[in-house]
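Here is a brief report on one protein model.

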Amino acid sequence: MSTTESRPPTADTAKAAADQAVKETLEDYTLRFAPRSYRRWPAMVVATTALGGIAYMADFSIGAGIGLAHGTGNALVAIAVAAVVIFITGFPLAYYGARYNIDLDLITRGSGFGYYGSVLTSVIFASFTFIFFALEGSIMAQGLKLGLGLPLWLGYLISTLMVIPLVIYGMKALSKLQVWTTPIWLLLMVGPLVYLIATDPGTVDRFLSYSGTDGDGGVNTASVLLGAGVCLSLIAQIGEQIDYLRFMPPKTEANRRTWWTAVVMAGPGWVVLGALKQAIGVFLAVYILGEVGPAAATEPIQQFRGAFGAMMPAWMVVPLAVALVVISQIKINVTNAYSGSLAWTNSFTRITRHYPGRMVFVLVNLGFALALMEADMFSFLNTILGFYSNCAIAWVVTVATDIGINKYVLKVSPLQPEFRRGMLHAVNPVGVVAFVASSGLSIALYFHVLGDTLQPYSPVAAAVIAFVLTPLTAIVTRGRYYLRRTEDGIGEPLLDPDGNPSAVTFDCHVCRQSYERPDLTACATHDDVVCSLCLSTDKIGDHVLPATARPVRGGGPVGFEAEAAPAEARASG
């Protein structure tokens, strides 16, 4: 069928929606594969930008809360346990994001969840971004109250509104912001700690011997697991790291060492710095505990005011502490707002097949965060994070297991990631069953449904159940629900000789823009190709490939001839 054939009247409306989506998403390839032509940053610049996004102060509060409740020994073991789990699960996800240049939602679609099934996890990730935006905004409001005397409600509002001008822009603006502010942030964070340890070694002894309000000075399993559960709420941070890592340059023999260093450092390696910050949070909380009391000792602004006060004149203490908090909040909350808007937009676009514009969901995400701040979420921080961690663990462990076990060991999951509509089944039971079962049972444990004894084991249950059910369900279903099609109708290979996504370009016949090979499929009703986002916004399924196809007998630009399929069958893709 030629591209000049008449289309249903509703197709014009669909094309207008696609044009709007294309215009905005080309800023940084929101919701789609990141092409080689856009990825011009060196590997280490991408890594530095990604690590700049973990400048949040929440780690200090999380570590302090665990340490004050359970003691230093339990807190340090809990932090270490969580860090190991986060590193192991984050590695395959970071590799796939950097190697194939797609974000975590696109990875999740083809790693056990299906085209619509991954909407579940997009909502989980979006929730992560506004929960941690609210946490960072609360910390900044505490700093503004201490430094400028602003009431907390006004500080919450300022911390929310100030990121809007920055988050309008994509990777180009964020990379500059993160690279230039990181050295200042590191100096302000590490300097006081080094000074305290060097000038007063007794602080280390007091830190190590602190037993906590609920502890007896020893290390016990229940306390470690409760603490680790809170720390594991950060497991979804790998999604924000991948939002940057998808812009990594192609991996070649020439850059192999640098490429791997950048991926490991900025992917799962983020947790090394995160764990250190949590341990520092325990140290600083114990240091200032006698002066400010347990409630204020978990506030980073109080922690650094106490640390700066030991090494600087009084007039410099509060301004520097406020500067550190403000810089940290801007660095992370720009990322939170950006990544959250991508997750919400991605989900909404797939469900409604309409692209409303990313800024709409920037405001939605900020609205949720502001509501949490005004509800004083900081006062029940550990409860929120402990609950949330069960969902986050179930999701990340499921996807990591599908990549590591189902793809590479069992080989029932396609090795190459797939994310395009029409190529995937709507729902894949492998990921959905594992996620729902593991998160549901672990949440029940967390809320004492199965008794008080098992409550601390909820994060363990989430991880173990997801790890077991993901390959088990894949074996039972024999991998039938991963791919709806095995060919996308384009003769050009998806990968180049180095195994990187192909840089060969085609023009999408819907939006008339040029895209690289991995972002396109053949069109079901036209002798042409269509990009992934135009497929997502195709309300009537006019372009979605049918579930089956027969080989083409002649030539032709797409290499196959689609079988006729009723409109309802096409739309089901």
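The protein exposes about 20900 Å², and carbon and sulfur atoms supply 66% of that area. Accessible areas come from the Shrake-Rupley method with a 1.4 Å probe; for residues, only the protein chains shown count as cover.

This is a predicted model: local features need pLDDT of at least 70, side-chain atom pairs count only at pLDDT 80 or more, and totals for chains, interfaces and linings use all residues. Residues are numbered from 1 along each chain as its sequence is written, and side-chain values use heavy atoms, leaving out hydrogens and water.

Whole-protein values come next.

| Property | Value |
|---|---|
| Helices | 22 |
| Strands | six |
| Buried share of the 573 residues | 60% |
| Share of contacts between residues at least 6 apart in sequence that join residues at least 24 apart | 79% |

Helices (H or I, at least four residues) and strands (E, at least two) are DSSP runs, numbered from the N terminus. Buried means under 20% relative accessible area (1.4 Å probe, protein chains only). Contact means heavy atoms within 4.5 Å.

Helix α7 spans residues 152–161. Its buried residues are Gly155, Tyr156, Ser159 and Thr160. Seen down the axis of α7, they fall within an arc of 130°, so they line one face of the helix. The arc is taken over the directions from the helix axis to the C-beta atoms.

Asp105 sits in helix α5 (residues 104–113). Asp105 is buried, at 10% relative accessible area. Leaving aside residues up to four places away in sequence, Asp105 touches Ser118, Ser122, Asn346 and Arg350. With Ser122, the side chain of Asp105 makes a side-chain polar contact at 2.5 Å. A polar contact is a pair of N or O atoms within 3.5 Å; within protein, one must be able to donate a hydrogen and the other to accept it, and residues adjacent in sequence count only if both atoms are side-chain atoms.

How values were computed: Buried < 20%, exposed > 50% of the residue type's maximum accessible area, 1.4 Å probe, protein only.
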